[in-house]
There are 4 protein chains.
Amino acid sequence: MTDTPKTLSRWQLSDYGRQHLAYVEAPMPTPGPGQILVQVAAASLNFRDLLMIDNGMGAPFTGPWTPGSDMAGRVMAVGDGVKRWQAGDEVISTFYAGWIDGRPSPEVFPLGGPGPGMLASHVLLDAQWVAAAPTTLNLAQASTLPCAALTAWFALIEQGGLRAGQTVLIHGTGGVALFGLQLARLHGARTVVVSGDPAKRAQVLAMGASHALARDGDWIAELRELTQGQGADHVLELVGGANVERSVQALAPGGRLSVIGVLDGDRIGTSAYPLIRHQTVLQGINVGHRRALEDLVRAIDVNRLTPAIAATYAASELPAALDHLARGAFGKVVVTF
Amino acid sequence: MTDTPKTLSRWQLSDYGRQHLAYVEAPMPTPGPGQILVQVAAASLNFRDLLMIDNGMGAPFTGPWTPGSDMAGRVMAVGDGVKRWQAGDEVISTFYAGWIDGRPSPEVFPLGGPGPGMLASHVLLDAQWVAAAPTTLNLAQASTLPCAALTAWFALIEQGGLRAGQTVLIHGTGGVALFGLQLARLHGARTVVVSGDPAKRAQVLAMGASHALARDGDWIAELRELTQGQGADHVLELVGGANVERSVQALAPGGRLSVIGVLDGDRIGTSAYPLIRHQTVLQGINVGHRRALEDLVRAIDVNRLTPAIAATYAASELPAALDHLARGAFGKVVVTF
Amino acid sequence: MTDTPKTLSRWQLSDYGRQHLAYVEAPMPTPGPGQILVQVAAASLNFRDLLMIDNGMGAPFTGPWTPGSDMAGRVMAVGDGVKRWQAGDEVISTFYAGWIDGRPSPEVFPLGGPGPGMLASHVLLDAQWVAAAPTTLNLAQASTLPCAALTAWFALIEQGGLRAGQTVLIHGTGGVALFGLQLARLHGARTVVVSGDPAKRAQVLAMGASHALARDGDWIAELRELTQGQGADHVLELVGGANVERSVQALAPGGRLSVIGVLDGDRIGTSAYPLIRHQTVLQGINVGHRRALEDLVRAIDVNRLTPAIAATYAASELPAALDHLARGAFGKVVVTF
Amino acid sequence: MTDTPKTLSRWQLSDYGRQHLAYVEAPMPTPGPGQILVQVAAASLNFRDLLMIDNGMGAPFTGPWTPGSDMAGRVMAVGDGVKRWQAGDEVISTFYAGWIDGRPSPEVFPLGGPGPGMLASHVLLDAQWVAAAPTTLNLAQASTLPCAALTAWFALIEQGGLRAGQTVLIHGTGGVALFGLQLARLHGARTVVVSGDPAKRAQVLAMGASHALARDGDWIAELRELTQGQGADHVLELVGGANVERSVQALAPGGRLSVIGVLDGDRIGTSAYPLIRHQTVLQGINVGHRRALEDLVRAIDVNRLTPAIAATYAASELPAALDHLARGAFGKVVVTF
């Protein structure tokens, strides 16, 4: 502990709105029983961070806080009774603090509001709230996993039971979408990405997507054609709104639609008939638990899968990083500390 | 086979519309290879029969046909190669001809249009399209199982994995609803029925429902109160339309809504937020397969569960039986042959 | 906290062997952060307690400790940060400290060695290590659930997916067996108990078992007869040794055998052929997690199921209670504090 | 049908024993209702064929019959009512005739005894007993799938739910083993093959196995080392006998052992303790159903996976092909017609 500095730096909101973000210093804490102190190497940004910074997603502002939920770093010190970690271990955060396995208990909460935020040089965490980082990624890459990659894994693998040969329909090219593409390929699935941007369609094909379809075309018909009339076994629904009914129509009998994102609106509707006829499953997905994150880390290490990173920013450049995320990034936006 | 008469009687439609139903005679067929001839003892009516008689649910009228999908009867004769059955066996029909287990293949079809109809004194069937009748029910009772009871079983047990202590929310008091109530009780679940009719609420309480709530009251709040804030683990959605969103709001975390009926309209819509927050599952249910029907029959025999029958009509009284079904029945409407 | 006494009493082993048990006083602890202090009302005994007292199941003796894993009591005080409980709440212990849901992490451990023992007037526990007691049982009854009842629930319901109409074969009349009988009945299953003792066979029939078969008879043939040749869908294997192969032979196609107890020896063997032919599942069961215990508690409350208690002893009579357990009890042996 | 010859050729046993095999002519049959006539392009051999030819696996010899269960060919003619196929379609046989999905009914039976054998120039089959051949394989390759590949798929994917990052332990290099290796890799798993033959270890490494361990070494310890102490999540148990206990010891917590082969003896035994401690699942695997075969075919087509073929023999060389299989082949032995 001799090297631990006396202060840490963190981004902090004095009120909602990006203009109220400031990079401030604070005293370095000491881990209490069951806690660990982590030196953050990198934090990756999620769309949720933008919403939380802008308005707390509806929660009243109750005092200065630090945003950010995704982090990779090194354990600097451990509190009494901590056996899971020792100084020097590389770890990544879990999005839902305290959700270990199975169903979430009512007590779990997200990091980065209301839980502690990760956009800091050092963070104090319960030893249960982190998982071992992959051994085959650097920490900037590792920081991209806790939210976006786990959401895709949870939808397709943990809940979806994806198997080789199935068809996965992916909407857009955001963080969850690109991880969904990589993880579906890893399991031998056929992957079909729908995007409105020709350049991004070319990019996903370069990443190995089986097909990339134009959003303004008749992608339902094209998908059916590509699948001998079957349709998709899994849909990562990342658009929401009116897109959901189209996704339902694109499903194969027994297919499964994971409700994840609502960029085009949270109102979703459909005729019940295709649901009944095809015994379709629609399931809301809310990131996932630590055990699944550990499974994901292992899958990454065994297969040396590399996350797509759009850009890396220095800690002081957080506003530019948030701008990048807000205007749309192909791959994760990472901030290093 | 000495007792087999030369002719059979059956209800037949010369065009869509109940006024075109006639009870006609036809030559008695002989079972071909793999077929069985069944003397029908009773047929039970489903709401689908009304729709099929009225307009074929959209299919063009292509010639006289016999409606009805639910039947219990006795095997009179078997064709070459039939080992599953012998004369005298008591059997019930399967709603989906050819759906044995697992997922339905594209080749399966319902009895009572486009498959052969059961409202007849005798029916010729593939030996694979029937299951053994329960030994503890008479054939009038047994005839109620293939569609309504199996739908409830498939939603709650086969797909839903219902376990004791869970809360099942049931809308209305139709055929599927009452079987859902009985089967949920059989598995030790708490049952909550929502009905707009005080007399029917009294009836379901008499059948053992844990609670009966008024449709025009704030049943979501009442349900939460009854479940210590938790909500329902399973919903049998038999109303459709705007009711679906209320049902979604009534679900417990990790809860499951089975989309079955659309009396109030097939357009269903909801906010995505409760789906995501609670990782809700919505699944379309389309009756079920023969293996689940066999499981259901065994559950009935082991527990001596008795279906609710609203009324029994003679074969010649089919029009009155259909009227009864159309105006709403508490329990199944059965026609005996 | 004004009523909290200055000392507590607990049973303590100064060395392995029942003769080294003593009922001693110790200072009353104060709950630290995340901890609760519970006033024990009752503790129930398990066969494991006998083994732990006799020889620690192989672990070297490292100092005085308190045995016992099953407890029901009232929360007296809570430490900093505890939100799950408040003083006055009635709780039961979880057998595996820290196993909340899903798979157990390597960090979980049993109470009553190596974790803290429950045979005490007061116990200090992590707030995560207890579940709410059923509201429909007294605390003596509630104390029987954490190990025996949860094991039966986990084998049959959580892992086994038991449904009405299935056949459950239960060996003996120990704690897990009797709960297995009650829980199987609660789900509408047919229950067949095999016991060598005619009096106990009469007792399980009085508790509602469908059938009770003599251990020295040809119970495999009798079971097949009772199930129309099918065999058992689930076996609670509580005997071990040579009994396992007989149990395998008694299984229905697709059946499932839960390996739980090894009274007749831990060596288990079978021909592989029936396993392959029937696609049998054998699964080791190791009590279960807190979420399943919470599910079980809810099932008990909804159905007002009452555990079988063989006898209740005062705290000072622990040696007599252990003798009772060792010579065989029909129902749980409970010690009250 | 103008091109259909008047006779077909087939291998036929006049008594048990390879010396009683003869290649004989027989009249060409015409498909009856529901049947198809298939011109066989290739048949692949399984170890079961050797046993069936030698002694019928215990069944009394009741008259001349044709062995062989795995076939790929072209539909030549279809009988009345067949809609699944038309002339020219390329198909592969299903090992279990009539097992479509879910659990097998008691009526299913294997091809190649007691069902019709595939070692023939033409075979008459129920239209339900075949699946579409992969479009990316030739028919010699396609003939290898029905038994060996489906068994591996059923154990690992259909029943095992294999996911990327898990460790699969594979015993030996027989037909099921090599498909297990390929299918596990297809899902992103780590694969560890245990073999006693250094040359075969080199061959599986060339096929992409993560590791190949010597059978006479301490492969349990080596496996643990390779998996950071975890052990295997899945074992394909293809040896049987005393090997099973070693496999159990090699399993990770929550691991799963598929009981498939019994080359070293059908008596399997283990201590119950590791099963209980790790909540291990042992499951007998008996090939699989047609729906899973269709899933497998799709996985092969999407991923262009190529089966390993040891050698291809002309139809007249069946005795040499059987010799090759009997002395051990790396890859499937195929006979072309």
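Analyst: Let us begin with a definition: copies are superposed by least squares on the C-alpha atoms of residues with pLDDT of at least 70 in both. The model is predicted: local features need pLDDT of at least 70, side-chain atom pairs count only at pLDDT 80 or more, and totals for chains, interfaces and linings use all residues. Residues are numbered from 1 along each chain as its sequence is written, chains are lettered from A and ligands numbered from 1 in the order in which they are written, and side-chain values use heavy atoms, with hydrogens and water left out.

User: What rotation superposes chain C on chain D?

Analyst: Two copies of a chain are related by a rotation about an axis and a shift along it. Here, chain C is brought onto chain D by a rotation of 180 degrees with 0.0 Å of shift along its axis, and the RMSD is 0.0 Å. The two copies are therefore related as by a two-fold rotation axis. In chain C, Gly269(C) is the residue that comes closest to this axis, its C-alpha lying at 1.9 Å. Contact means heavy atoms within 4.5 Å. The same surface serves both copies, since 100% of the contact residues of chain C recur in chain D.

User: How many strands form the open sheet, and in what order do they stand?

Analyst: Helices (H or I, at least four residues) and strands (E, at least two) are DSSP runs, numbered from the N terminus. Two strands pair if DSSP finds at least two bridges between them. Twelve strands make up this open sheet, with mixed pairing, in the order β12(C)-β11(C)-β10(C)-β13(C)-β14(C)-β16(C)-β16(D)-β14(D)-β13(D)-β10(D)-β11(D)-β12(D). At the edges stand β12 (211–214) of chain C and β12 (211–214) of chain D; each has a single partner strand, so one side of each is left without a neighbour in the sheet. Neighbouring strands are turned against each other by 20 degrees on average, direction ignored.

User: Which residue is the bridge partner of Ile170(C) in this sheet?

Analyst: The partner of Ile170(C) is Val193(C) in β11(C). Strands β10 (residues 167–171) and β11 (residues 190–195) of chain C run parallel and are joined by five bridges.

User: Across which strands does helix α6 of chain D lie?

Analyst: Axes are lines fitted to C-alpha atoms, for helices over the stretch in contact, and angles run from 0 to 180 degrees between N-to-C directions. Helix α6 (residues 219–226) of chain D lies across β10, β11, β12, β13 and β14 of chain D, and runs at about 155 degrees to β12(D).

User: In which sense do the strands β4 and β5 of chain B pair?

Analyst: Strands β4 (residues 70–78) and β5 (residues 90–93) of chain B pair in the antiparallel sense over three bridges, with Gly73(B) opposite Val91(B). On β9 (residues 130–132) of chain B, β5(B) finds another antiparallel partner, also over three bridges. There Val91(B) stands opposite Ala132(B).

User: How many helices and strands are there in chain A?

Analyst: Chain A has ten helices and 18 strands. The radius of gyration is taken over C-alpha atoms, and the globule rule is 2.2 Å times the number of residues to the power 0.38. For chain A the radius is 20 Å, close to the 20 Å that the rule gives for 337 residues, so the chain is as compact as a globular protein of that length. Its C-alpha atoms fill a box of roughly 65 × 40 × 40 Å along the principal axes.

User: Is Thr191(A) buried or exposed?

Analyst: Buried means under 20% relative accessible area, exposed over 50%, and partly exposed in between (1.4 Å probe, protein chains only). Thr191(A), in strand β11 of chain A, is buried, with a relative accessible area of 0%. Leaving out residues up to four places away in sequence, its contacts include Val168(A), Leu181(A) and His211(A). Of the 337 residues of chain A, 62% count as buried.

User: What is the phi of Gln228(A)?

Analyst: Gln228(A) is not a glycine, yet its phi is positive, about 55 degrees. This residue lies in the loop between α6 (219–226) and β13 (232–237) of chain A and counts as exposed, at 62% relative accessibility.

User: Where in chain A is the peptide bond cis?

Analyst: The bond from Gly113(A) to Pro114(A) is cis, with omega near 0 degrees. Pro114(A) belongs to the loop between β7 (109–110) and β8 (122–126) of chain A.
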